[in-house]
Amino acid sequence: MNSTFNYHYSLNDAERWAEFSGDYNPIHFDLQHARHLGQEQLTVHGMRAMLDIKYQLSTALLPLLPEVEFLRFNARLRQPVQCHTSYQLQLSEVAGQVSGNLMDIGSGESCFTGKLRSAPALVQTGTEWVSLSADDVFQFSQQFLGDASQPAECWSFFDALLFKLLVAAPQTLATAKQVLPGIEAETLIDVFKSVPVIQTHHDVHFSTDLLRINHPNVFVRSALHYAIEPTLIVGNPTDGWVLRASIAARSDLGPLITTAVTLKTWPLAAH
């Protein structure tokens with residue numbers, strides 16, 4: 001199975017994702033700022049662009065869904081996805097694994113690659129769990145850019161929700177602040193506003209029920225319990241820092257989804 005899909009992003013895509021996520025990094029909205037950082041156009045949030053590959057991979061996997069309890073989505077973000085640029089998403093399926101590659105049609109460069117496949121059992125070790133009520137989860141689902149009630153988009157909604165919680169939580173930045181002196185930031189959202197940050201990897205491990213279930217509203221209308229793992233950070237001010245942040249979520253029925261995000265800052269010595 002091989003198929004292609006064409007995409008063309010605009011400022012509206014960045015605005016709608018920012019409304020959901022709270023990520024108003026100026027590289028997505030200020031053309032002068034983007035050009036100062038070497039981009040010819042505004043760039044679309046990596047998480048927004050990934051919504052499309054997640055949907056297409058999920059739709060492709062549904063007819064041949066393996067009899068497993070958990071799935072895994074991995075993405076490598078190689079180049080920024082720019083506004084007013086034509087892209088083609090190329091999908092392929094091999095041995096029950098669906099892969100995708102988003103290409104810049106003009107340059108032929110790969111912007112990001114992703115794959116969706118079966119995975120081992122999801123083991124969650126978080127100890128400090130915080131709960132969102134069923135009403136809160138449902139309200140967030142209504143703000144989501146897709147339709148969280150559909151099997152092909154339900155897990156993507158929870159992934160997006162966990163990202164939103166992760167970048168807005170002070171504990172995500174607690175470890176990083178020890179090595180980021182001078183950064184006036186309480187959350188990653190604050191860092192996005194003051195320091196150029198790019199996402200390089202995205203990893204989601206989730207229950208197949210989110211994709212397979214006939215009625216995803218079982219989860220969309222249920223309470224969600226989440227725990228944020230300590231952020232891992234390596235690097236230095238001269239070369240920049242790499243941060244890996246992770247958040248796990250459970251329903252009352254058991255482990256549901258874990259999202260891990262890898263981010264790289266520009267050299268802080270220049271800012």
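Tutor: This is a predicted model. We may begin with R250, whose charged end sits over the ring of W129, 5.7 Å from the ring centre.

Student: What makes the charged end of R250 one that sits over the ring of W129?

Tutor: The term requires CZ of Arg within 6 Å of the ring centre and within 35 degrees of the ring normal. The distance for R250 and W129 is 5.7 Å, and the charge is listed as sitting over the ring. K164 is likewise placed over the ring of F20, with its charged end 5.5 Å from the centre.

Student: Why is helix 1 called roughly perpendicular to helix 5?

Tutor: Helix 1 (residues 11-21) packs against helix 5 at an angle of about 65°, and their axes are 9 Å apart. Angles of 65 to 115 degrees count as roughly perpendicular, and helix 1 is therefore given that description relative to helix 5.

Student: Which residues of helix 1 and helix 5 meet?

Tutor: From helix 1 come W17, F20 and S21; from helix 5 come F157, A160, L161, F163, K164 and V167. By class, this contact has seven nonpolar residues, one polar and one charged.

Student: Why is helix 4 also called roughly perpendicular to helix 5?

Tutor: Helix 4 (residues 134-143) and helix 5 (residues 151-168) have axes 10 Å apart and an angle of about 105°. The range for the term is 65 to 115 degrees, so helix 4 is roughly perpendicular to helix 5. V137, F140 and S141 of helix 4 make the contact with F157, F158, L161 and K164 of helix 5. Five of these residues are nonpolar, one is polar and one is charged.

Student: How many aromatic pairs does a search of the whole structure find?

Tutor: The search finds ten. Ring pairs also link W17, F20, F144, F157, F158 and F163 into a cluster.

Student: Why is the pair of F73 and W155 called tilted?

Tutor: The ring centres of F73 and W155 are 5.6 Å apart and the planes stand at 50°. Planes under 30 degrees apart count as stacked and over 60 as edge-to-face, so this pair is tilted. F73 belongs to strand 3 (residues 70-77) and W155 to helix 5, so the pair ties together parts 82 residues apart in sequence.

Student: How do you know whether F73 is buried or exposed, and W155 likewise?

Tutor: Buried means under 20% relative accessible area. F73 has 0% relative accessibility and therefore counts as buried. W155 is buried too, with a relative accessible area of 0%.

Methods: Residues numbered from 1 in each chain as written. Predicted model: local features only at pLDDT ≥ 70, side-chain atom pairs only at ≥ 80, totals over all residues. Heavy atoms only, no water. Axes fitted to C-alpha atoms, helices over the stretch in contact; angles between N-to-C directions. Helix = DSSP H or I, 4+ residues; strand = E, 2+ residues; numbered from the N terminus. Parallel < 35°, antiparallel > 145°, perpendicular 65-115°, else oblique. Contact = heavy atoms within 4.5 Å. Nonpolar A, V, L, I, M, F, W, Y, C, P; charged D, E, K, R; others polar. Phe/Tyr/Trp six-rings, centres within 6.5 Å; stacked < 30°, edge-to-face > 60°. Buried < 20%, exposed > 50% of the residue type's maximum accessible area, 1.4 Å probe, protein only.
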